[in-house]
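This report describes a protein fold and the contacts between its parts. Keep the sequence and the structure open while reading.

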Amino acid sequence: STLTFDASKLASFVSEDELAMMQPMVTVADELLRKGTGVGAAYTDWLHLPTAYDREEFSRIQAAAKKIQADSKVLVVIGIGGSYLGARAALDFLNDYFVNAYADSDRDYPQVLFVGNNISGQYLNSVLKVIGERDFSVNVISKSGTTTEPAIAFRVFKQKLEEKYGVAGARERIYATTDANKGALKSFADAEGFEKFVVPDGVGGRFSVLTAVGLLPIAVGGGDIEALLAGAAQAEGELVSAKLAENPAYQYAAYRNILYRKGYVTELLINYEPTLVQFGEWWKQLQGESEGKDGKGIFPATGNFSTDLHSFGQYIQDGRRNLFETLLRVTEPVSDVVIPEMDAEDGLGYLQGETMSYVNRTASDGTMLAHVDGGVPNMVVELEKQDAYHLGYVIYFFEVAVAISGYLNGINPFDQPGVEAYKRNMFGLLGKPGYEELTAELRARL
Ligand code: PA5
């Protein structure tokens with residue numbers, strides 16, 4: 001099957017009865033989500049995005065991607081948080097790890113570079129250096145249009161485009177993905193005549209990868225966005241039963257809740273492939289921003305193995321026992337290497353002729369058992385293949401799981417009031433008009 005969920009290694013931590021006892025609560029959480037009676041229900045349109053998306057806009061996304069592929073060597077994607085993590089994760093998931101290092105002549109698709117996700121001038125200068133004299137376009141993504149990081153980057157890249165192509169030429173190369181009806185970027189895009197795409201009202205940033213927010217950059221970078229939506233549509237059709245026995249996403253949510261109540265308050269999403277690292281970054285936002293509120297929630301972290309087994313692997317095996325792991329792995333390797341024969345004393349003779357994927361998978365099995373023995377509960381989410389279809393499926397899997405998980409924990413999984421606190425302080429300290437009182441108060445405290 002497209003995705004399998006395996007909780008068999010939880011046996012020494014959670015009994016079957018415990019899962020069954022979660023059923024009534026899961027039934028309620030499912031109703032809150034599906035009937036739209038739960039808190040935050042206005043932000044659950046992601047549930048039906050894979051099947052009920054705007055077809056006209058989808059065609060415009062494909063046309064814009066073709067135009068960018070034809071007239072640009074680089075697409076600069078400006079956005080932060082939910083306005084970039086999904087596209088970045090998808091492009092890493094679907095491409096060769098070093099795809100952005102290829103020369104233009106060896107590339108099938110434009111290089112996609114992400115900016116506006118930090119406040120570093122050094123980073124921005126290095127992106128400008130990498131672009132050099134090459135043709136580029138910009139996709140600025142911001143629902144509000146006032147988020148500091150992308151707004152600064154947009155000013156810089158708009159200016160660069162205008163220097164290179166003139167004001168009118170620049171307009172043809174700026175694609176704005178923003179709110180349909182309001183916000184600073186929406187009005188600016190209208191006034192300047194940029195092509196616009198929509199961040200739908202009922203979809204929060206961290207749930208937006210299957211909207212234009214993710215689809216345009218993914219398509220430009222060569223991702224098959226039809227397959228991506230088709231995989232998510234399969235998940236939308238399959239992950240619907242309120243019965244735990246029939247719904248692996250709900251099982252995952254329920255097990256997380258059981259573990260959390262037992263004191264396992266940190267979850268590590270584990271991968272054994274560098275191309276899955278960014279998926280972990282997307283997942284961290286999805287989990288952390290959905291669940292971490294009102295003084296509770298599982299802390300989401302990642303383990304990039306086997307790399308990290310040689311760093312904080314010690315802690316996982318032996319440190320404070322409040323961790324659990326969810327291993328995300330893929331059955332069919334994208335590509336493989338056979339371990340060569342060599343006359344050497346490295347103790348590897350017994351592995352020559354074997355594949356690296358065999359060794360990698362065995363490492364993940366062995367590590368899982370060692371961690372379970374060390375007191376770390378483990379679950380496995382396994383995809384058959386690492387392609388756009390399977391990516392769509394697993395995105396939806398985690399989205400629906402976190403919604404149920406949040407309702408099980410008695411919070412609103414769809415708001416993010418905590419993100420505003422730092423933004424307010426930054427505005428205050430920078431002296432943004434309207435924040436004068438806060439400016440004085442914060443400066444006095446520093
Ligand atoms: O999920 C969220 O709400 C945040 O991560 C936002 O996506 C992020 O702050 C960017 O906001 P905006 O799209 O308004 O620039």
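## Two backbone details

Asp294 is placed in the loop between helix H10 (277-291) and strand S8. Helices (H or I, at least four residues) and strands (E, at least two) are DSSP runs, numbered from the N terminus. The phi of Asp294 is near 55°, a positive value in a residue other than glycine. A cis peptide bond, with omega about 0°, joins Phe305 and Ser306. Most residues other than glycine have a negative phi, and most peptide bonds are trans.

The model is predicted: local features need pLDDT of at least 70, side-chain atom pairs count only at pLDDT 80 or more, and totals for chains, interfaces and linings use all residues. Residues are numbered from 1 along each chain as its sequence is written.

## The parallel sheet

Five strands form an open sheet in the order S3-S2-S4-S5-S6, and the pairing is parallel. Two strands pair if DSSP finds at least two bridges between them. Strand S3 (111-115) and strand S6 (195-199) stand at the edges with a single partner strand each, so one side of each has no neighbour in the sheet. From one strand to the next, the twist averages 20°.

Within this sheet, which residue of S4 is the bridge partner of Leu75? The partner is Ser137. Strand S2 (residues 74-78) and strand S4 (residues 136-141) run parallel and are joined by five bridges.

## The mixed sheet

Another open sheet of five strands has the order S1-S10-S9-S7-S8, with mixed pairing. Its edge strands are strand S1 (3-6) and strand S8 (299-304), and each pairs on one side only. Neighbouring strands here are turned by 20° against each other on average, direction ignored.

Strand S7 (residues 266-271) runs parallel to S8, and six bridges join the two. Ile270 stands opposite Gly303 in S8. Helix H12 (residues 356-373) packs on the sheet, touching strand S9 (323-330) and strand S10 (378-383), and its direction makes about 165° with that of S9. Axes are lines fitted to C-alpha atoms, for helices over the stretch in contact, and angles run from 0 to 180 degrees between N-to-C directions.

## Helix H13 and its partners

The axes of helix H8 (residues 225-238) and helix H13 come within 6 Å and cross at roughly 45°. H8 is therefore oblique to H13. Angles under 35 degrees count as roughly parallel, over 145 as roughly antiparallel, 65 to 115 as roughly perpendicular and the rest as oblique. Residues are in contact if their C-beta atoms, placed from the backbone, lie within 7 Å. The contact of H8 with H13 has 13 nonpolar, four polar and one charged residue. Ala, Val, Leu, Ile, Met, Phe, Trp, Tyr, Cys and Pro count as nonpolar, Asp, Glu, Lys and Arg as charged, and the others, Gly among them, as polar.

Helix H9 (residues 248-261) also meets helix H13 (residues 388-408), with axes that come within 8 Å and cross at roughly 40°. H9 and H13 are therefore oblique to each other, and their crossing is right-handed. Tyr252 and Arg256 in H9 and Val400 and Ile404 in H13 are among the residues that meet. This contact divides into nine nonpolar, two polar and one charged residue.

## Helices H1 and H9

How do H1 and H9 cross? The axes of helix H1 (residues 16-34) and H9 come within 10 Å and cross at roughly 110°. That makes H1 roughly perpendicular to H9. Glu18, Leu19, Met22 and Val26 in H1 meet Tyr250, Ala254, Tyr255, Asn257 and Ile258 in H9. By class, these residues are seven nonpolar, one polar and one charged.

## Around the ligand

Of the 15 residues around the ligand, Gly81, Gly82, Ser142, Thr147 and Gly205 come nearest. A residue is near a molecule or strand if its C-beta atom, placed from the backbone, lies within 6 Å of it. The shell around the ligand has three nonpolar, nine polar and three charged residues.

Conventions
Left-handed = near helix turned anticlockwise from the far one by under 90°. Contact = placed C-beta atoms within 7 Å.
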